[in-house]
There are 2 protein chains.
Amino acid sequence: MATIKDIANRAGVAISTVSAVINRTAPTSADVVARVEKAIAETGYAPQRAAQTLRSGRSRLVGLVIPDVTNPHFATVARIVENVCFAAGYMTFIYNTDEDPDHEMKILRMMRTQRVAGLLLISTRSDARHGARLMAEINVPTIFMGSAVAGTPFDLVALDDLSAGRLAAGRLLDLGHRRIFFVAGRKGVSTNDERLEGCRQAFADRGMEFSDSRVVFADFSEERALVEARRALSGEGRATGVVSLSNLMTIGVMRAIRASGLACPSDISVIGVDDFEWADIMNPPPTTIAQPVAEMTRLAITSLLDQIKSGAKPSGRRLRFEPKLVVRASCGPCA
Amino acid sequence: MATIKDIANRAGVAISTVSAVINRTAPTSADVVARVEKAIAETGYAPQRAAQTLRSGRSRLVGLVIPDVTNPHFATVARIVENVCFAAGYMTFIYNTDEDPDHEMKILRMMRTQRVAGLLLISTRSDARHGARLMAEINVPTIFMGSAVAGTPFDLVALDDLSAGRLAAGRLLDLGHRRIFFVAGRKGVSTNDERLEGCRQAFADRGMEFSDSRVVFADFSEERALVEARRALSGEGRATGVVSLSNLMTIGVMRAIRASGLACPSDISVIGVDDFEWADIMNPPPTTIAQPVAEMTRLAITSLLDQIKSGAKPSGRRLRFEPKLVVRASCGPCA
DNA sequence: GTGAAAGCGCTAACAG
DNA sequence: CTGTTAGCGCTTTCAC
């Protein structure tokens, strides 16, 4: 591979001049620029990032840590982050935690090794102990997406999860459902806890009693949701409505309903937080609580790049976006 | 941030000893190892990759270039590559081309700047001109996935696309369909061309005539497939069966059918290449030609890592995997 | 404007 | 088994 020295020799200029041309970091004569660019084109020279990073102390790398890119919601996030970073001259490392805090820490360690300039983090837990582990590993500008983490100073960009839960449960209540079953994610993740609290509030708003015995935790997993929902859908006094607190779990619930031989919405209604790109070819098209993913992600990544550039301290702001009810066919009045 | 020098001072050893301990590159006494590890733990030291890369000339980075991670098929590929690379001590850069060759070249340029040790590439075109551009930009071990590129020496790991097309079209023919409509991807991509040729062969196998006028090209895009299919589904002599050559286009076709008010499979049958994770809650559950994605991806990435380690020349092998017909509800006998 | 030179943090060769 | 040292390719002063 050609080095900057080769380019300097070829163009008949000093190394520093080549650097100046490449980075537009100092004024250079048109003639010199032309000669340097010619040499670069002829040799196929590409500056070596490792050397730039080492010398300058800036990596032009951003880390995105998400639960699972196989989940369409996070895939969308990944695409937007990639695009915005690309436009800003940053490269992106995208890593999946699978909701495992230990793996999250390993990923953060790799990010640190790479000296990423900033992190966009959908963390696996929200408690202070996890926050402490995070603080021990993170020393760059960071923004949380989706879930908050206690004991950290970083900004949060997230859905108004309380409203989301309230909207979801409220919808079923308003349709006359009383025996409602909740497929939650995991205790100790703010996304889950707040959405669930929103469900409670929907009951309280209407002067009704919320029963914790109707809540199961499925770790945001489709498989676990399927298993839990199958159990809840059998036997006497089964639920007439199900609230699922995230998209994959909604899929699991829908599968469980099919497997149980029940008809949706005539036998049972389902509403899920998180919308689906292909809702109209699902059976039935699900009623959902949608979040403005693109808008949220764009805000998060541009804020992060701003913080990287400005070196500003995180303000600990919590930016919340309004969820929206999308009515489709999976919810009907209680029989 | 602490440096290797800080660790050496703290542990009371030479920096080369610290390096030896970290990389297990030379035998070290248990006592020294303990002291070094203590110092590392106390300072939270993480070696700086940029320096390691610069000095050693090895980046421990792999690039994965795919069309779009928002497509579940490629998201699955991404996860497997990430996992295998992680286990092997490599980090992964994942980038999306959106099927745009110019953007593909920009991505490859970035990969080169990063001095990735190897590339897994689902390229955007298969012609020799594109191959030449690729050869000018790539100077590391590379493996193609899915689509081949002429004029390149790299190995290919792919589906037997000819069989896939043959199976798909054959299925509809065997169900008695004669007016079959083909939603293809893009000419000049081997994935598309070979699947389409397979469709032709299915007709030839049965002594029937294949009509090119029944083929539309939708660039592997859901939107374009929707538009094209709507047109084909209206008017006299409309098709009784549709073959879609990739997953997103199958979605587009299914949407078009719903929008046209037709019933599937009673009015029209649909078969698509590529399977769906959530087929059983789709409406109707689609009959598809499935590929062994996980197996293919694992072979591709392990081969790549092998080539990186061994420095072996690419053999230009073309490893093909057998497609499998998955019968569901979207295909019925011709009325 | 352009050029010379120091040094980022690490690895690897080699001497002890 | 441990310590010294050169230098990877680049950026960044600082003279000129």
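Ala, Val, Leu, Ile, Met, Phe, Trp, Tyr, Cys and Pro count as nonpolar, Asp, Glu, Lys and Arg as charged, and the others, Gly among them, as polar. Keep that in mind for the exercises below, which explore a predicted model.

**Exercise 1. Work out which residues and elements surround DNA strand D, and of what class they are.**

Solution. 
- Step 1: Start with the residues. DNA strand D is surrounded by 27 of them, and the closest are A:Ile4, A:Ser16, A:Ala51, B:Ser16 and B:Arg55.
- Step 2: Move on to the elements. Two or more residues each come from helix 2 (15-23) and helix 4 (49-56) of chain A, together with helix 2 (15-23) and helix 4 (49-56) of chain B.
- Step 3: Sort by class. The surface near DNA strand D holds 13 nonpolar, twelve polar and two charged residues.

**Exercise 2. Now do it for DNA strand C: which residues come nearest?**

Solution. 
- Step 1: Of the 27 residues around DNA strand C, the nearest are A:Ala14, A:Ser16, A:Arg55, B:Ile4 and B:Ala51.
- Step 2: At least two residues of this surface come from each of helix 2 and helix 4 of chain A and helix 2 and helix 4 of chain B.
- Step 3: The classes here are 13 nonpolar, twelve polar and two charged residues.

**Exercise 3. Find how chain B is related to chain A, and describe where they touch.**

Solution. 
- Step 1: Chain B superposes on chain A by a rotation of 180 degrees, with 0.0 Å of shift along the axis and an RMSD of 0.0 Å.
- Step 2: The two copies are therefore related as by a two-fold rotation axis.
- Step 3: Look at the interface. Because 100% of the interface residues of chain B are also interface residues in chain A, the copies meet through the same surface.
- Step 4: Count the residues. Chain B gives 39 residues to the contact and chain A gives 39 residues.
- Step 5: On the side of chain B that touches chain A, the largest share, six residues, comes from helix 5 of chain B. By class, this side has 20 nonpolar, ten polar and nine charged residues.

**Exercise 4. Trace how strand 10 of chain B pairs with other strands.**

Solution. 
- Step 1: Strand 9 (residues 269-273) of chain B runs parallel to strand 10 (residues 287-290) of chain B, and three bridges join them. Here B:Ile271 has B:Thr287 as its bridge partner.
- Step 2: Strand 12 (residues 324-326) of chain B pairs with strand 10 of chain B in the antiparallel sense, again over three bridges. B:Leu325 in strand 12 stands opposite B:Ile289.
- Step 3: Check the loop between strand 9 and strand 10 of chain B, where B:Pro284 is found. The peptide bond joining B:Asn283 and B:Pro284 is cis, with omega about -5 degrees.

**Exercise 5. Which residues have the most contacts inside the largest nonpolar core?**

Solution. 
- Step 1: The largest nonpolar core has 162 residues, and A:Leu120 and B:Leu120 have the most contacts inside it.
- Step 2: Leaving aside neighbours within four places in sequence, the contacts of A:Leu120 include A:Val62, A:Ile143, A:Met145 and A:Leu304.

**Exercise 6. Is B:Arg24 buried or exposed?**

Solution. 
- Step 1: Locate the residue. B:Arg24 sits in the loop between helix 2 and helix 3 (30-43) of chain B, and has a positive phi of about 45 degrees although it is not a glycine.
- Step 2: Apply the cut-off. B:Arg24 has 9 of them, so B:Arg24 is exposed.

Notes
Residues numbered from 1 in each chain as written. Chains lettered and ligands numbered in written order. Predicted model: local features only at pLDDT ≥ 70, side-chain atom pairs only at ≥ 80, totals over all residues. Near = placed C-beta within 6 Å. Helix = DSSP H or I, 4+ residues; strand = E, 2+ residues; numbered from the N terminus. Least-squares fit on C-alpha atoms with pLDDT ≥ 70 in both. Contact = placed C-beta atoms within 7 Å. Pairing = 2+ DSSP bridges. Core = buried A, V, L, I, M, F, W, Y, C linked by C-beta atoms within 7 Å. Buried ≥ 20, exposed ≤ 12 C-beta atoms within 10 Å, placed from the backbone.
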